[in-house]
Amino acid sequence: MRINVLKGRPAQQRKHEILIKSMQMYHDLIKTLIEIRTQLKLSQEELTELTGIRQPVISRIETCASNPQLYTLLKLIVAYQYKVVIVPMDFDIESLLSDF
């Protein structure tokens, strides 16, 4: 199982690595959501009408000033007509994209 990759390291180091990687993934996700909204030429107000998520909440999400619930992020993703795909961290995303 993949968890074994971190087993040889001290617990504090593992926790730190997980925290850092989680934060990077979160910021990448928010950056991607902003890029998609921009490409779709949607304002935050229009996104509010689509999702029911209040504009100040959208603003706080996009500036990483809040820690939204997963359900809130999924509402944004669905409004953009995207879906979430979970792959191993060492997965070669380029090979996945080349299939499209």
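**Exercise 1. In what order do the elements of the protein run from the N terminus on?**

Solution. The model considered here is predicted.
Step 1. Count the elements: the secondary structure comes to 6 helices and 0 strands.
Step 2. Read them from the N terminus on; the order is α-α-α-α-α-α.

**Exercise 2. Determine what share of the protein counts as buried, and describe its exposed area and its contacts.**

Solution. Step 1. The protein has 100 residues, and 21% of them count as buried.
Step 3. Consider the contacts with a separation of 6 or more: residues 24 or more positions apart account for 52% of them.

**Exercise 3. Identify the largest nonpolar core and the elements that supply it.**

Solution. Step 1. The largest nonpolar core has 13 residues. Those with the most contacts inside this core include Ile-30, Leu-33, Leu-47, Ile-61, Leu-73, Leu-76 and Tyr-80.
Step 1. At least two residues of this core come from each of helix 2, helix 4 (55–62) and helix 5. Helix 2 gives the most, with 4 residues.
Step 2. Examine Tyr-80. Apart from residues up to four places away in sequence, Tyr-80 touches Leu-33, Ile-36, Arg-37, Leu-40, Leu-42 and Leu-47.
Step 3. For context, nonpolar side chains tend to be buried together in soluble globular proteins.

**Exercise 4. Is Ile-77 buried or exposed, and which residues does Ile-77 contact?**

Solution. Step 1. Locate the residue: Ile-77 is found in helix 5.
Step 1. Apply the cut-off. A residue is buried when its relative accessible area is under 20%; Ile-77 has 8%, and therefore counts as buried.
Step 2. List its contacts, leaving aside neighbours within four places in sequence: they are Leu-29, Leu-33, Tyr-82, Lys-83 and Val-84.
Step 3. Take one separation along the chain: Ile-77 and Ile-36 are 41 residues apart, and their C-alpha atoms are separated by 9.2 Å.

**Exercise 5. Describe the largest pocket and its lining.**

Solution. Step 1. The space in the largest pocket is about 1,200 Å³.
Step 1. Its lining consists of 26 residues, and Met-25, Leu-29, Val-84, Val-85 and Ile-93 lie nearest the centre.
Step 2. Assign the lining to elements: helix 2 (11–39), helix 5 (70–79) and helix 6 (93–98) give two or more residues. Helix 2 gives the most, with 7 residues.

Note on methods:
Residues numbered from 1 in each chain as written. Predicted model: local features only at pLDDT ≥ 70, side-chain atom pairs only at ≥ 80, totals over all residues. Heavy atoms only, no water. 1 Å grid on protein atoms, 1.4 Å probe; cavity = no way out; pocket = protein on both sides within 12 Å on 5 of 7 lines; lining within 4 Å. Points joined across faces, edges and corners; volume = space filled by probe spheres on them. Buried < 20%, exposed > 50% of the residue type's maximum accessible area, 1.4 Å probe, protein only. Contact = heavy atoms within 4.5 Å. Core = buried A, V, L, I, M, F, W, Y, C linked by side-chain atoms within 4.5 Å.
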